[in-house]
Amino acid sequence: MSLHFSVLASGSTGNAFYVGTENQKLLVDAGLSGKQMERLLSEVQIDPNELDGILVTHEHSDHIKGLGIMARRYHLPIYANEKTWRAMEGYIGKVSLDQKFDFPMSSVQTFGDLDIESFGVSHDAAEPMFFVFRNGGKKVALVTDLGYVSERIKKTVENADAFIFESNHDVEMLRMGRYPWNIKRRILGDKGHVSNEDCAIALTDIIGNDTKRIYLAHLSQDNNMKDLARMSVQNMLKDRGVPIGESIHLYDTDPTSATPIYTP
């Protein structure tokens with residue numbers, strides 16, 4: 001099976017991503033309990049015993065809650081950059097030295113037949129980074145947890161066959177919502193999260209001829225809704241001449257259920 005993936009869970013309460021090829025099966029983040037992670041993997045018929053490792057984007061709990069449990073239970077190597085390792089070590093429990101590996105920011109590492117490029121994002125973590133996955137001429141970009149989308153990021157991820165892209169909040173819902181102002185300011189800031197509107201603006205610049213699917217990811221439980229995010233992004237992309245609903249399609253993600261396995 002060539003490059004394929006599932007968004008196992010995505011949202012403000014927990015995040016996990018599966019990506020695989022002919023001979024590699026990897027998790028990116030494990031932001032739910034071990035039991036929930038096993039359930040999500042079973043939804044897409046992935047045996048956790050067959051996983052080859054876990055990549056970590058950053059140390060926030062909605063990305064590492066089940067990391068230590070999964071690594072210990074299935075003897076999985078963990079790949080993270082040095083600052084993320086230091087920031088998360090006190091939260092994931094004991095992991096043996098032979099399971100700890102460095103994946104520096106702005107580097108490319110090869111896992112069997114899968115090339116993975118890491119890139120930094122602007123977020124309030126130690127050294128947050130996300131990934132582009134390449135195999136057999138196909139490209140999948142995972143891009144969430146960022147306050148803004150820089151030109152450097154756009155260049156790295158452009159013209160992916162599929163994007164898993166942050167559409168965290170509706171600005172008016174956030175402004176009118178129950179969060180205290182300091183939290184609102186954090187989310188709206190350059191190290192917070194991308195809104196529905198900013199998601200659509202960024203996508204306009206990075207969608208290419210190869211792009212077929214966009215998964216709207218990391219939606220806020222309190223400040224967004226699936227229908228609102230999809231409608232907002234879809235309308236803005238259509239206004240900008242992007243063929244949404246024709247050759248390119250939008251998909252929802254969920255914090256508690258996995259998207260079906262997709263092969264670009």
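# Close-up views of a predicted model

**View 1. Histidine 169 and its surroundings.** The side chain of histidine 169 makes a polar contact with the side chain of asparagine 168, at 3.0 Å; a polar contact is a pair of N or O atoms within 3.5 Å, where within protein one must be able to donate a hydrogen and the other to accept it, and residues adjacent in sequence count only if both atoms are side-chain atoms. This is a predicted model, in which local features need pLDDT of at least 70 and side-chain atom pairs count only at pLDDT 80 or more, while totals for chains, interfaces and linings use all residues. Residues are numbered from 1 along each chain as its sequence is written, and side-chain values use heavy atoms, with hydrogens and water left out. Histidine 169 lies in the loop between β11 (162-166) and α6 (171-176); helices (H or I, at least four residues) and strands (E, at least two) are DSSP runs, numbered from the N terminus. With 1% relative accessibility, histidine 169 counts as buried, a word that means under 20% relative accessible area, with exposed over 50% and partly exposed in between (1.4 Å probe, protein chains only). Not counting residues up to four places away in sequence, histidine 169 touches, among others, Leu174, Ile187 and Asn223, where contact means heavy atoms within 4.5 Å.

**View 2. Leucine 174 in helix α6.** Leucine 174 is found in helix α6 and, at 0% relative accessibility, counts as buried. Leaving aside neighbours within four places in sequence, leucine 174 is in contact with His169, Tyr179, Lys184, Ile187, Leu188 and Asn223.

**View 3. Threonine 21 between two strands.** Threonine 21 sits in the loop between β2 (16-20) and β3, and its relative accessibility of 3% makes it count as buried. Its side chain makes a polar contact with the side chain of aspartate 113, at 2.4 Å.

View 4. In the order β1-β2-β3-β4-β5-β6, 6 strands form an open sheet with mixed pairing; two strands pair if DSSP finds at least two bridges between them. β1 (4-9) and β6 (100-102) stand at the edges, each with a single partner strand, so one side of each is left without a neighbour in the sheet. Strands β3 (residues 25-30) and β4 (residues 53-55) run parallel and are joined by 3 bridges, and the bridge partner of leucine 27 in β4 is isoleucine 54. Helix α3 (residues 67-74) packs on this sheet, touching β3, β4 and β5 (78-80), and its direction makes about 160° with that of β4; axes are lines fitted to C-alpha atoms, for helices over the stretch in contact, and angles run from 0 to 180 degrees between N-to-C directions. Which residues are buried in α3? They are Leu67, Gly68, Met70, Ala71 and Tyr74. Seen down the axis of α3, these buried residues fall within an arc of 165°, so they line one face of the helix; the arc is that of the directions from the helix axis to the C-beta atoms.

**View 5. Helix α9 and its buried side.** In α9, Leu228, Ala229, Ser232, Val233, Met236 and Leu237 are buried. They cover an arc of only 150° around the axis, which puts them on the same side of α9. The buried residues of α9 pack against α6, α8 (196-206), β12 (213-217) and β13 (249-252). Just after α9, glycine 241 takes a positive phi of about 85°.
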